[in-house]
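The structure and its sequence are shown here.

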Amino acid sequence: MPIPSAVPRLAATAASLLLAGTATTTATASATAIADPTAAAVASAPQRSAPGPAAAAATDPAGFDAPLSTRGRYIVDAHGDRFRLKGANWDGAQGSWTGSGDAADPGTHHAGQDSHGIPLGLDRAPVARLLADFHRLGINTVRLPFSNEMIHSTAPVPDVAVTANPELRGRTPLEVFDAVVDALSGSGFAVVLNNHTNTSRWCCGVDGNERWNSSLSTGQWADDWVFMARRYASVPRVVGADLYNEVRRDVLDDPNWGLGDDHDWYEAARLAADRILTEGDPRLLIVVEGINWTGLPVDGLPHGRPVLTPARTLSHTLTDAHKLVYSAHFYGYTGPRHSGATGVGETHDPRYQDLSRTELAAALDEEAFFVEETGRHYTAPVWVSEFGVGSDETGAAARAWFGNVTDYFAEHDADFAFWPLVGFAGHDDWALLRYDGGGNRSGILDGGDWRATAWQHLMTAPDLTGPVPAVPVWRMLSTDHGDAVASLRVRATGDWDPGAYKAACPDGARLAGLSHTGGRGLCTDAGAGDLRAAGPARTVVTDERYVPAGGDWASGYTKYQCPADAFLIGYSLRGARVSAALCVPARAALPDAGRTVWFDRSDDRPADAAGGDFAYGSRKGQCGADEYAAGIAFTTRVGSRPGPAALLCRSLS
């Protein structure tokens with residue numbers, strides 16, 4: 001969201017280093033497989049108030065069929081047809097107070113708009129009319145921010161906050177949020193829940209909401225997500241969980257992607273995603289935003305906007321390989337290494353609006369849209385879940401940027417959501433729709449808004465529609481800091497190697513590659529789809545009993561080989577040493593002709609390097625897309641590394 005007034009606090013405060021950080025504790029939780037997660041989620045969903053008249057009145061038969069999932073870089077509906085997220089952010093429930101002054105004074109709220117902790121505009125127009133205006137914009141998706149504080153607030157909202165929707169009087173912020181979710185779903189909109197802040201206040205500077213665990217533990221944060229996922233599990237068009245907004249530096253420390261500490265956004269997102277899909281609602285898309293800012297915005301010191309670049313070398317593998325969406329935010333006044341500040345905290349780095357059209361496209365590709373490359377472990381849809389500019393903007397650079405960035409989204413058939421959707425007339429010129437105290441609307445639908453041309457182009461540009469062909473899935477496994485068991489079928493059969501770090505491919509995929517060091521693996525369903533037979537059968541291989549006489553495919557090395565007509569889906573390590581191989585039976589007989597792929601001295605991968613670099617900086621071996629892995633070889637010789645050294649790769653046909 002727009003933060004120009006907040007950013008200078010980061011540089012000024014951090015430079016002084018006078019504030020003490022508050023330690024947080026990351027709580028760990030292990031997900032338990034459940035027989036019917038959808039039914040369980042609905043059955044255990046918290047009780048909610050019945051939808052109000054607003055929800056009943058807002059219906060649109062021209063909706064879509066949920067749930068949504070992914071195929072390569074595209075999001076698809078329940079029929080496999082493309083569903084492009086054309087959205088906007090209906091904010092307010094995340095909080096509007098700026099953190100300074102009396103919260104009862106509207107002047108201390110962003111743009112003088114006191115949201116009272118609920119979506120903006122409910123005091124000015126009936127929900128049914130708001131939704132009708134949303135439809136006129138052409139959007140099909142609403143990103144709905146909320147705070148953790150909103151979830152737990154028990155005080156009813158003041159009557160003045162719902163003047164135009166009197167049926168909502170006496171309800172808590174969460175109950176008002178319920179009514180809005182029900183109304184949006186009933187009107188045909190896809191709803192993506194977004195945990196925007198911990199506390200109910202305006203984001204995003206040094207505000208106590210820099211990370212998912214700034215004001216609560218990681219375990220409590222994940223608990224709140226399970227609560228919200230269960231709460232809306234029976235609402236058909238709640239389609240996604242956007243895990244946290246604009247993860248960024250606090251006064252003393254940066255967030256990171258994979259270090260395994262309390263500030264590890266990669267691991268926190270993995271934990272929350274796992275719990276949402278296994279304990280909350282398995283229908284949901286999981287939206288993981290990149291890291292928004294690291295470092296001090298001071299010339300000469302390291303700083304910048306990593307966005308999604310860390311996913312090139314460490315991407316997420318969920319229990320459902322078709323639920324991951326990555327996201328990013330882009331505003332013209334910020335830049336790849338520019339915080340967005342003016343004055344204190346401003347560096348000499350260019351803003352996005354200072355870049356030429358070609359330079360902007362290159363920056364967007366480098367920071368986010370590389371994720372949509374085909375056939376990589378990180379391949380996923382990219383949702384630009386925030387971008388925007390004000391209708392009162394007169395600067396030539398800012399106006400040109402808005403035209404350039406919307407052209408880029410149109411040309412790349414990108415998923416997007418404008419910030420913000422609703423505001424108060426005379427207060428927030430960024431809002432697409434603004435309402436005065438009498439409910440009169442102004443904004444992009446009503447003429448005189450210079451943004452309308454670019455918006456209309458974005459909304460009407462040609463895009464992919466209809467069925468999206470299935471594409472091979474590639475996903476990486478990482479045992480950097482613990483288990484990486486992505487298979488629910490494997491989890492359901494218990495711990496197959498207690499005390500070891502274990503990794504297993506998501507259901508439907510097989511192991512295709514391993515690294516010699518670092519504990520990384522690569523999974524795919526290329527060439528054969530789901531090979532596994534029905535049922536829970538598995539074989540944990542810890543010796544050479546399945547190596548046939550005369551079948552020594554790695555002489556002098558210890559070989560953990562699958563039984564006949566079985567294939568590898570997982571492995572375990574004790575330190576760097578191979579501990580076990582996890583094999584499962586195939587649904588049909590498998591050929592046994594194969595080859596040995598050695599990678600203890602150099603990489604041995606197919607020429608197309610399908611899946612991408614799944615173990616950056618380590619030697620890797622990989623079977624071809626037309627092969628399956630049937631064994632792992634390693635050595636325990638003194639002076640040699642005991643990690644995987646070779647794979648037995650056999651033809652699928």
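Cys583 is buried, with a relative accessible area of 0%, and Cys562, at 2% relative accessibility, counts as buried. In this predicted model, Cys562 and Cys583 form a disulfide whose sulfur atoms are 2.1 Å apart, and with -80° about the S-S bond the link is left-handed. Cys562 lies in the loop between strand S22 (558–561) and strand S23 (566–574), while Cys583 belongs to strand S24 (residues 577–585), so the pair ties together parts that are 21 residues apart in sequence.

A search of the whole structure finds 3 disulfides, and they are listed below.

| Disulfide | Sulfur–sulfur distance | Angle about the S-S bond |
|---|---|---|
| Cys505 and Cys523 | 2.1 Å | -85° |
| Cys562 and Cys583 | 2.1 Å | -80° |
| Cys623 and Cys649 | 2.0 Å | -80° |

The link of Cys505 and Cys523 is left-handed; Cys505 sits in the loop between strand S18 (501–504) and strand S19 (510–515) and Cys523 in strand S20 (residues 520–524), so this pair joins parts that are 18 residues apart in sequence. Cys505 is buried, with a relative accessible area of 1%, and Cys523 is buried with a relative accessible area of 1%.

The link of Cys623 and Cys649 is also left-handed, and it connects distant parts of the chain, with Cys623 in the loop between strand S26 (620–622) and strand S27 (627–634) and Cys649 in strand S28 (residues 646–651), 26 residues apart. Both Cys623 and Cys649 are buried.

Elsewhere, 3 strands form an open sheet in the order S13-S14-S15, with mixed pairing. Strand S13 (422–424) and strand S15 (441–443) are at the edges and each has a single partner strand, so one side of each is left without a neighbour in the sheet. From one strand to the next, the twist averages 35°. Strand S14 (residues 433–435) pairs with S15 in the antiparallel sense over 3 bridges, and Arg434 stands opposite Ser442 in S15. Helix H4 (residues 127–137) lies across S13, S14 and S15, running at about 150° to S14.

How do the axes of helix H10 and helix H11 cross? The axes of H10 (residues 396–411) and H11 (residues 452–460) come within 9 Å and cross at roughly 5°, which makes H10 roughly parallel to H11. In H10, Phe402, Gly403, Thr406, Asp407, Phe409 and Ala410 meet Ala454, His457 and Leu458 in H11, and the residues of this contact divide into 5 nonpolar, 3 polar and 1 charged.

Key:
Residues are numbered from 1 along each chain as its sequence is written. This is a predicted model: local features need pLDDT of at least 70, side-chain atom pairs count only at pLDDT 80 or more; totals for chains, interfaces and linings use all residues. Side-chain values use heavy atoms; hydrogens and water are left out. Axes are lines fitted to C-alpha atoms, for helices over the stretch in contact, and angles run from 0 to 180 degrees between N-to-C directions. Helices (H or I, at least four residues) and strands (E, at least two) are DSSP runs, numbered from the N terminus. Angles under 35 degrees count as roughly parallel, over 145 as roughly antiparallel, 65 to 115 as roughly perpendicular and the rest as oblique. Contact means heavy atoms within 4.5 Å. Ala, Val, Leu, Ile, Met, Phe, Trp, Tyr, Cys and Pro count as nonpolar, Asp, Glu, Lys and Arg as charged, and the others, Gly among them, as polar. Two strands pair if DSSP finds at least two bridges between them. A disulfide is a pair of cysteine sulfur atoms within 2.5 Å. Buried means under 20% relative accessible area, exposed over 50%, partly exposed in between (1.4 Å probe, protein chains only).
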